[in-house]
Amino acid sequence: SPEIENKDEGFWRLSKLGVPVQKDPGKDFLGISDGLLEAIAKVLEFPVATMLPSEAFTVVRKSFDARKLLKEPKFVYTVDMDVKKLLNLEPRTWDFICQLEPKLGLIEHIPHERDSGDLISVIHDSKKIHEGPGFGEPGYQVHSESTKTKPKIAVVGSGPSGLFASLVLAELGADVTLIERGQAVEQRGRDIGALVVRRILQSESNFCFGEGGAGTWSDGKLVTRIGRNSDSVLAVMKTLVHFGAPANILVDGKPHLGTDRLIPLLRNFRQHLQDLGVTIKFGTRVDDLLVENEQVVGVRVSDARNEFHSDGQKLKYDAVVLAVGHSARDIYKMLLSYNVHMIPKDFAVGLRVEHPQEIINNIQYSALAAEVRKGRGKVPVADYKVVKYVDEVDKGTATSSRETSRSCYSFCMCPGGQVVLTSTNQSELCINGMSFSRRSSRWANAALVVTVTSKDFDSLQFHGPLAGVEFQREFERRAAIMGGGNFVVPAQTVADFLNNKLSETSLPTSSYRLGVKAANLHELFPAHVTEALQHSISMFDRELPGFISKDALLHGVETRTSSPVQISRDGDTYESVSLKGLYPIGEGAGYAGGIVSAAVDGLYAGFAVAKNLGLYEGGI
Ligand code: FAD
């Protein structure tokens, strides 16, 4: 049922406002429709909806809810109500409000103007405050900053964490060099084209490496588990809008961009960084750190496109921000050689399931499925999210249920998308999903994964900080062999996987462009992982009847769900606990999982590094 809460001065938040599909203009409309005004009037107990001034309301969130337990599918809104505008009414409406005053208690709230800045304007405003008195004013001092040499900072990796760290540092006045082993999006697009069409994998420019990081050729989902309305998440979202993302990502309950929108956004981001004086080195791989007196003083880089003419150049910096993502396994190894403190981290492995999108639309929407119309209809292309706990005690493999309960869940669901290859070398095979903004392909894919911990790594004799990396690699190699090489993916229908039976040679069609080959995926993972997957799929089918289908195809293997390692750092300074001058950030360092959380980590790290180097004095 709808809720109303006093958010802050002058604003009330109305949430869980349901508007039936027939009364809503559709998924792309983010204004105040008559249907929504009716829902608002109902919660305010205001007698005539049409008398409410629509300009007093702003849509904060809009989602589509087609859960079976509802009487009918509906759009669900969260709306902010500006009391100032609400009270600025014609006399009759005012009269109504006054009658409701004892219930609502609106009038005592003093309205105020709201800050709606993106990161760049927030930093600019804070700089204005910090600049202090101007020339000729009491307390004016010659500014030392212009005469001081700027601290030189290397940010390694141009994924979301590296980009946001660079942005904050450059805005705060650091001399930033952004070093990226992969290519700028223009060339990266050509390299990915060559991979998808001609099977040529560039080890340094692919779905994981290159401008924008792992999330560029992705679904661009901007959902996050770190608090959708927190200031930092909003700052990231508004900054994305500043660089060209559509403003509806600020409102949409499940915002996503799609690859086609991410590419121009990244170009604008790059241009802004260059305008701030950031030096960007694409095709440049960091191979080593320069360490003097137990402090990082720079990096050794090589030309990532030309191994044979690599010059091994040494570059000096005051600080090195390591934002390399979790596919940079060479970097983990290099860090180990300096005894940088790292610990193995739990993560999840599994398979990517793909259904015809129509099946998912029918499961989720029943009669409304016809409204989807390949992403152009009134309701969004259907997605799903499922999670189950599988207790291994039931199967007699452990002593205590608490210890052995495994979580099995769907992850990174891409409606209207495609399965893509995220390997970074020829002998390992792993996959993920991407989509374009319209989400109009014939398929819906999602990872179905099971949590794995140090116990699982130990059971395969993988020990030490990089045990999880070895665990991932093991299954990527097995998958490559099972596919028969050339990036062909081993696959099995969901129905056959449940019956432990090799699928017939004519598999259902897949969106994966490099080919699928029938294989028994039971031969891939240890039995307990396979059993957990089998068991959870049966449970998912109870929630989503029709999920088990001969047209649903499981693809192997999904291993890079999140980082298998955490590089230990100080909670305040973000500096490595074991090596001064090194700042591990983002997903690869084990502090984020997804585009938005990686960006937020980069943002905080930017402020922390700036503070350590004396560029910034405020709170973080
Ligand atoms: P990354 O994005 O991995 O960036 C690291 C960068 O560092 C890379 O560009 C790499 O080339 C560079 N680098 C590595 N080593 C070196 C070196 N030695 N020298 C120089 N540069 C180096 N998340 C979502 O939230 N929503 C999604 O829809 C989504 N879809 C995805 C789809 C795919 C296909 C993939 C692969 C991932 C997807 N993710 C998604 C996950 C998301 O992309 C990551 O969580 C996020 O990009 C992590 O950001 P990061 O900055 O920590 O690292």
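Phe164 is buried, since 29 other C-beta atoms lie within 10 Å and 20 or more is the mark of a buried residue. The model you are looking at is predicted, so every value here is computed from it. Phe164 is found in helix H5. Leaving aside neighbours within four places in sequence, Phe164 is in contact with Val236, Ala599, Gly602, Leu603 and Gly606. The C-alpha atoms of Phe164 and Ala598 are 8.7 Å apart, although 434 residues separate the two along the chain.

Let us step back to the whole chain. The protein has 620 residues, and 47% of them count as buried. Its secondary structure comes to 16 helices and 23 strands. Among contacts between residues at least 6 apart in sequence, 69% join residues at least 24 apart.

**Around the ligand**

Which residues are the closest to the ligand? They are Gly157, Gly159, Gly213, Gly325 and Gly586, in a shell of 44 residues. Helix H5 (160-171), strand E8 (284-292), strand E17 (431-435) and helix H16 (595-612) are the elements that each give two or more residues to this shell. By type, the shell divides into 20 nonpolar, 18 polar and 6 charged residues.

**The nonpolar core**

The largest nonpolar core has 169 residues, and Val156, Val320 and Val321 have the most contacts inside it. Helix H16 gives the most to this core, with 11 residues. Val321 is worth a look on screen: not counting residues up to four places away in sequence, Val321 touches Ile153, Ala154, Val155, Val156, Ala165, Tyr583, Ile585, Ala605 and Val609.

Strand E19 (residues 489-493) is mostly covered, with 5 of its 5 residues buried. In a regular strand the side chains alternate between the two faces of the sheet. Here Val489, Ala491 and Thr493 point one way, while Pro490 and Gln492 point the other way, and all are buried.

| Partner of E19 | Direction | Bridges | A residue pair |
|---|---|---|---|
| E20 (residues 516-518) | parallel | 3 bridges | Ala491 with Ala518 |

**Helix H15**

How does the span of helix H15 (residues 527-543) agree with its 17 residues? At 1.5 Å a residue, H15 should span 24 Å, and its end C-alpha atoms are 25 Å apart, which agrees. The buried residues of H15 are Val529, Ala532, Leu533, His535, Ser536, Ile537 and Phe540. An α-helix has 3.6 residues a turn, so residues three or four places apart point the same way. The buried residues of H15 pack against strand E13 (347-356), strand E14 (387-391), strand E15 (405-414), strand E18 (443-452) and helix H14 (494-498).

**Val420**

Leaving aside neighbours within four places in sequence, Val420 is in contact with Phe207, Trp217, Ile431, Asn432, Gly433 and Met434. Strand E17 (431-435), one of the elements in the ligand shell, spans the positions of Ile431, Asn432, Gly433 and Met434. Val420 and Val83, 337 residues apart along the chain, have their C-alpha atoms separated by 49 Å.

Technical notes:
Residues numbered from 1 in each chain as written. Predicted model: local features only at pLDDT ≥ 70, side-chain atom pairs only at ≥ 80, totals over all residues. Helix = DSSP H or I, 4+ residues; strand = E, 2+ residues; numbered from the N terminus. Buried ≥ 20, exposed ≤ 12 C-beta atoms within 10 Å, placed from the backbone. Contact = placed C-beta atoms within 7 Å. Expected span 1.5 Å × (residues − 1). Near = placed C-beta within 6 Å. Nonpolar A, V, L, I, M, F, W, Y, C, P; charged D, E, K, R; others polar. Core = buried A, V, L, I, M, F, W, Y, C linked by C-beta atoms within 7 Å. Pairing = 2+ DSSP bridges.
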